[in-house]
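Subject: Structure for your review

Dear colleague,

Please find below the structure that I am handing over to you. My findings on its cores and salt bridges follow.

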Amino acid sequence: MNVLNFAHAFFSDGAHWHGYDGIPTRFSEHVQYSLEALLIAAAIGLPVGLLTGHYGRGGNALALVATAGRALPSFGLLVLMFIWLGFGMLPVMIPLVVLAVPPILVTTYEAVRSVDPSPVDAARGMGMPEARVLLQVEVPVALPLILSGLRTAAIQIVSTATIAAYISFGGLGRYIIDGLYQRDYEKVIGGATLVAGLALATLAVFWAVSRLTVSPGVRRSG
Amino acid sequence: MIRIDGVTKRYPDGTVAVDRLSLEIPDRAITVLVGPSGCGKTTTLRMINRMVEPTEGSILLDGRDIRQQPVNTLRRSMGYVIQNAGLFQHRTILDNIATVPRLLGWTKQKARARAAELMERVGLDTALAKRYPYQLSGGQQQRVGVARALAADPPVLLMDEPFSAVDPVVRKGLQDELLRIQDELGKTIVFVTHDIDEAIKLGTKVAVLRTGGRLAQFAPPAELLSAPADSFVEDFLGADRGIRRLSFFPSRELELQTEPIVAIDAGADRLASRATAPYLLVTDLDGRPLGWSEPDRLTAGAVEPDRLLDFGRPFVPGTDSLRTALDGAVLSPTGWAVAVDGEGRAVGVVSQQVIGEAIRAAHGRVAEQADVGAGR
């Protein structure tokens with residue numbers, strides 16, 4: 001049997017479509033973990049990235065944080081947090097957030113830093129308050145790059161959120177972990193396919209958001 | 001009036017950008033700050049809207065220290081135009097121009113109506129209103145920059161090398177447009193440039209700054225050209241300041257000769273009566289110049305326009321300067337300049353010698369006035 005047959009067998013089995021271990025439940029759990037982790041990471045990464053980018057300071061410190069964050073293995077962190085903090089959502093969220101903050105932070109910083117300085121100078125010279133210079137002049141121009149940082153983070157979260165299952169949480173990782181344990185390869189392949197599908201859906205969402213929020217003037221000239 | 005009073009800008013590393021500069025910038029006129037790079041001209045301009053704070057000294061606007069009002073209130077009362085325009089690429093042309101009115105709390109509708117009015121004022125087609133900056137040429141972008149600075153009708157306009165990044169033809173158009181707008185609006189304009197020709201063309205008064213931020217000379221352009229304060233100013237003005245100075249002398253008093261002008265259909269007797277002139281200017285039936293010819297090469301009824309000598313560039317006596325007239329004479333192979341009216345019809349010709357005499361006379365008058373001015 002090849003991979004496609006496994007996948008087909010998994011998805012055509014009616015038992016996989018309802019109940020607490022059904023695809024809709026696992027899927028929405030996965031989406032929920034991913035969204036939570038992305039929101040927390042954005043709440044940390046965006047403000048810090050915007051401010052450091054705006055004032056042009058702290059680039060070296062950011063690079064350090066980013067490298068450190070990327071060097072930490074998510075799975076190792078999960079086990080470590082589980083041992084320290086015990087059972088709960090926190091040991092799952094920490095590795096996901098640690099994974100997602102560096103791309104958001106570094107891209108946002110670079111995005112704001114790379115905005116053409118002359119409109120910023122013009123805005124200040126016309127008497128625009130500093131907060132509006134950042135939000136109304138720099139951010140709209142930096143938006144495509146900022147969104148690409150969020151997108152990278154979101155994709156990484158979606159694929160890594162499978163590890164939540166390792167410490168008995170739900171999500172699509174459940175199928176992969178359980179499937180491996182039960183030697184039920186239909187389940188493993190089915191779970192992996194769903195994770196990949198969700199990652200693609202995430203890409204589509206970001207494409208749509210960017211179409212809606214990025215000004216045509218920036219999109220075309222960028 | 002803007003008064004710059006003993007202003008120094010020293011940076012923490014010890015560099016002095018502006019050194020004890022004092023200037024009185026007249027109202028409703030264009031004051032140009034000009035000098036080589038590193039002379040502190042941009043720093044000086046940026047101190048007027050407090051983009052740079054002076055280390056010493058003060059700047060007064062209508063007698064009040066500019067630090068007495070909130071910085072953003074001050075900046076909104078001064079239009080600001082920079083090199084490359086600095087437009088907001090995510091906003092339409094109309095919304096770019098409406099920026100300061102919006103900051104002042106105008107409704108979107110009122111701000112946009114005002115913006116549309118300004119597009120016309122600076123010579124932009126209102127069809128461009130919904131476009132984005134990347135869809136405009138450099139010259140059009142710079143016009144938007146000027147419109148944006150004028151949007152809230154500020155009494156003061158600060159312009160930092162606004163026309164440096166566009167090609168010479170577009171630059172000339174923008175300069176002419178600025179002069180025209182200034183005739184209509186009468187703003188107090190401070191204009192920074194490194195281009196002495198631009199300074200002389202636009203400035204009511206020109207401040208020449210030298211490296212290290214010190215004032216070398218502050219005078220009207222004609223005075224700058226006739227009496228540079230020192231060798232630095234003289235060098236900065238360039239080699240042909242004598243010729244450029246002629247721009248300030250009108251050509252209207254030149255004595256024009258009409259005898260050497262003949263129409264293309266002139267008869268043999270008419271040609272014969274003009275045969276003493278060294279050259280004759282042949283015009284078409286409407287009186288527009290076609291070219292020069294020696295009298296004995298002309299045959300009545302058989303003038304071939306292609307075989308005539310080039311007549312150079314004609315000048316308009318009422319509006320053009322002696323510089324244009326002299327240029328016309330130098331360009332013409334005969335050494336005679338052609339004067340035309342507004343419609344391009346020849347009204348007379350004038351030789352280099354006559355223009356030379358007019359230049360000497362004009363210099364004499366300036367010297368006389370200077371003597372009177374000095375109380376002698």
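In what follows, a residue is called buried under 20% relative accessible area, exposed over 50%, and partly exposed in between (1.4 Å probe, protein chains only). This is a predicted model, in which local features need pLDDT of at least 70 and side-chain atom pairs count only at pLDDT 80 or more, while totals for chains, interfaces and linings use all residues. Residues are numbered from 1 along each chain as its sequence is written, chains are lettered from A and ligands numbered from 1 in the order in which they are written, and side-chain values use heavy atoms, with hydrogens and water left out.

Salt bridges

A salt bridge here is a side-chain nitrogen of Lys or Arg within 4 Å of a carboxyl oxygen of Asp or Glu.

In chain B, Asp19(B) pairs with Arg20(B) at 3.2 Å, N to O. Asp19(B) is buried at 17% relative accessible area, whereas Arg20(B) is exposed at 55%. Also in this chain, salt bridges with shared partners link Arg121(B), Arg143(B), Glu177(B), Arg180(B) and Glu184(B) into one network.

Between Asp121(A) and Arg46(B), the closest N and O atoms are 2.8 Å apart. Helices are DSSP runs (H or I, at least four residues), as are strands (E, at least two), numbered from the N terminus. Both partners are buried: Asp121(A) at 15% and Arg46(B) at 19%.

Nonpolar cores

A nonpolar core is a set of buried Ala, Val, Leu, Ile, Met, Phe, Trp, Tyr and Cys residues joined through side-chain atoms within 4.5 Å. The largest has 49 residues, and Leu38(A), Val92(A), Ile104(A), Met128(A) and Leu150(A) make the most contacts inside it. At least two residues each come from helix 2 (23-55), helix 5 (90-113), helix 6 (117-125) and helix 7 (130-160) of chain A, and from helix 4 (99-103) of chain B. Helix 7 of chain A gives the largest share, 13 residues. A second, separate core of 47 residues has among its members Leu87(B), Phe163(B), Ile200(B) and Val233(B).

Annotated region

An unreviewed UniProt entry annotates residues 27-206 of chain A as "domain: ABC transmembrane type-1"; such annotations may be inferred rather than shown by experiment. In the model, this stretch is 83% helix and 0% strand.

Yours sincerely
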